[in-house]
2 protein chains.
Amino acid sequence: MSSEYDIFIKNAQILTMNKEMEIIDKGFILVKNSKIVEIGSMTDLTKKHDTKEEIDAKDKLVIPGFVNSHNHFAMTLFRGIADDLPLKDWLTNYIWPLEGNLEKNDCYIGTMLAAIEMVQGGTTTACDMYFHETEVFEALERIGFRGVLGHGMLDFGNEEKRKNEVTETKNLINLVKNKAKLCSVIISPHAPNTCSVELLLEAKKLSEDFNLPLQIHLAETEKEVEEIKSIYNVTPTQHLQNIGFLCKELVAAHCIWLNQEDYRLIKQNDVKIAHNPTSNLKLGSGILNFNQYKNHDILLALGTDGPSSNNNLSMIEELRLACYIHKGVNRNTEILPAEEAIKMATINGAKALGLQDEIGSLEKGKKADIAIINKKTPNVYPPHNPYSMIAYAMNDSNIKTTIINGKIIMNERKFKTVDVSKTLIDVKEAIIQLLDRANLEQFKDKIRFLK
Amino acid sequence: MSSEYDIFIKNAQILTMNKEMEIIDKGFILVKNSKIVEIGSMTDLTKKHDTKEEIDAKDKLVIPGFVNSHNHFAMTLFRGIADDLPLKDWLTNYIWPLEGNLEKNDCYIGTMLAAIEMVQGGTTTACDMYFHETEVFEALERIGFRGVLGHGMLDFGNEEKRKNEVTETKNLINLVKNKAKLCSVIISPHAPNTCSVELLLEAKKLSEDFNLPLQIHLAETEKEVEEIKSIYNVTPTQHLQNIGFLCKELVAAHCIWLNQEDYRLIKQNDVKIAHNPTSNLKLGSGILNFNQYKNHDILLALGTDGPSSNNNLSMIEELRLACYIHKGVNRNTEILPAEEAIKMATINGAKALGLQDEIGSLEKGKKADIAIINKKTPNVYPPHNPYSMIAYAMNDSNIKTTIINGKIIMNERKFKTVDVSKTLIDVKEAIIQLLDRANLEQFKDKIRFLK
């Protein structure tokens, strides 16, 4: 006889992150067929439930899994390979030559590593923009991670390249349509200064035709704004508006260098923003003007960006840095409270990716994407306030259990769907071969880990 | 027959943090009677050593323990109890009323918790400024943590209070002189706007008479500068210079609001700075002008500040935030490279506290204060560059072993000198009693962890 429920979480402090920001101090969650079918206070539990798995969450905090709204998964392979360099040097002499040598298997392995790290940090959904997305898809479906995948399209005005990029995206749409259990597609033109108007319009049409979200890098650097202005005589945001690209399905990453008209256009078109504070600071790109976004009531989600410009995929560090940088720059302790930052990392991420009916909060009927945090450990103790604990004290290692789509992926930090040690061995092998193929003089002295 | 050595660490990648910033890719360290007696490459090991403890550090990174140059240990008890508030509200309505009810045992328990967290994060030395330092001393000596302890003195111009504060400090000096195995004293007047000139001068004299370092909060907020200017018609730094307080033994914490003359005076007197980026951002105090310090060649150490304005004691998060904030604000990726930030958190901290001949780097003859980091774990893998790994990827949980004064305090994250679970129980009990004594209406709804 089969069990009535798949998972029963009991005795938990639950941050629902629902509209009312309800906190249940001693609560339970019942999961069945990938979904939350019951959630409430322990006192409302009247009968004993027949479940496959039971998790006693005494001294634990239960939250919706984090949603990482901007990432380039397979760049895990380049973690720390070239830091503290001017952006142009970093890209031209290190990242691009390496990416030019990336093969399918590298993206598979790099994505496996990214998904493992994200699950370890309580992230259950993440948005990718990179190459070899077939392999990215395979890695995530194997682990059981909810990926929103985009083949990064850029043509620099080259028509043949444009056709190839669009074909790649269509292939990904087909693959996901036929095979996906968890993953979905996001149409992903790279940036206004790397994509022709034709490509941007094709991307927009794909988004409309297939009813899919759309992402782009926008106004990340001052240089990008200058470039677009020199060609189109308007800002990148206005350029996108002029060609009819801005829409409510769009997630625009970074968006640091905007003027008043740009903010107005973003709001008017209900564009969502993937804010990446670590990457913006680490690469010296600039600091997003939080006050402007607040005043214009624009939705901000959070992303780590790729692990080569970060160098980790911790959403906890990301939301913490958002709190610190905006408080500090504005000398205002109230500008971004802990609970607002946690919203950015959960429900706002879901909204940005068009998944707000599925994920981002713990509510009856939503997918069971859940992270369970240990509150009884020195670095967060005493846990006077659960929001403060997440935003200002804990680190990724305090995540004990991660559930995605009603399936326990990691419990007590042990993975159920993947061999972590084997993945690290595969990563090392992939890097040895990649560096061998690339054969770049600039890495000869820099790579110490193979010694 | 006794062993020749106490600890033998082998097969380690070692960041010495010595003057030459030497990295030993496959090295060893031999420890005896609290000190490093040999350090070098495995290939130079000619004979088998007879040691009590042997640590195979294959796939590990060995670094000098971190030095936290500014802290208020027992504020662990207030972690997350009141966040996202204006500074004045936070202090007046939450922190001060709680501190007014702190008893000796609270400071003992709070310090135990702080030391456990610091050891878990690879910190081996930290500087305190707080109350009930006898109990702070007892807690640290029991755990085996290298504390530099100061009774925070403030008199607001009250002569009786001044006398009491000086007596407390003298008592601490006596206690440490007679009983200390590890801890030392730092003379600790609180701030220019909370101490009379008489108290500042008595503090300076204590520092000279007993040959002890000296610490103070300085130019933390714009308001402090205004206050001092309104009384003395000069900046806080110039006020301290005018009374003859500035000296090379002084560690000044924060130092955000300085003018050109202030920087000149700091440099001229060889004052050391405890930079606390997290606290400064989280409390909206401001952002230290890193370029000015660099241009004036002033020594910057790093501190977490108290765990109520942070809310953790991670030196890794602290040095990371220093890298990010200064790169971001200055839009300069090269301004503070990873290795410079790690210097701030190790050897510069030692220099700030006058302990540079004892700790801060891994060198023959120095105290064996050592942290061992696991490099073979997803969140830091691949560890292409050890400095980058520390500064941008790892978190406190990647610290596997912490050695202080030649003694293993934590190994594989298990403590040898303290019962962590028991400490958490003691913390909870202390807080229940403290909140009961304080009986403050403003905490009634805020404290969720006792529910």
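Which hand does the crossing of helix 2 of chain B and helix 15 of chain B have? The crossing is left-handed, a term used if the near helix is turned anticlockwise from the far one by less than a right angle, with right-handed if clockwise.

This is a predicted model, in which local features need pLDDT of at least 70 and side-chain atom pairs count only at pLDDT 80 or more, while totals for chains, interfaces and linings use all residues. Residues are numbered from 1 along each chain as its sequence is written, and chains are lettered from A and ligands numbered from 1 in the order in which they are written.

**View 1. Helix 2 and helix 15 of chain B.** The two helices (DSSP runs of H or I, at least four residues; strands are runs of E, at least two) pack at an angle of about 140 degrees, with their axes 9 Å apart.

**View 2. Chain B against chain A.** In contact (C-beta atoms, placed from the backbone, within 7 Å) are 62 residues of chain B and 62 residues of chain A. Helix 2 and helix 15 are among the chain B helices that each supply at least two residues of this side.

**View 3. The two domains of chain A.** The domain assignment gives domain 1 (5–64 + 361–415) and domain 2 (66–352). Their centres, taken over C-alpha atoms, are separated by 29 Å.

How values were computed:
Two residues are in contact if their C-beta atoms, placed from the backbone, lie within 7 Å. Axes are lines fitted to C-alpha atoms, for helices over the stretch in contact, and angles run from 0 to 180 degrees between N-to-C directions. Domain bounds come from an automatic or database domain assignment.
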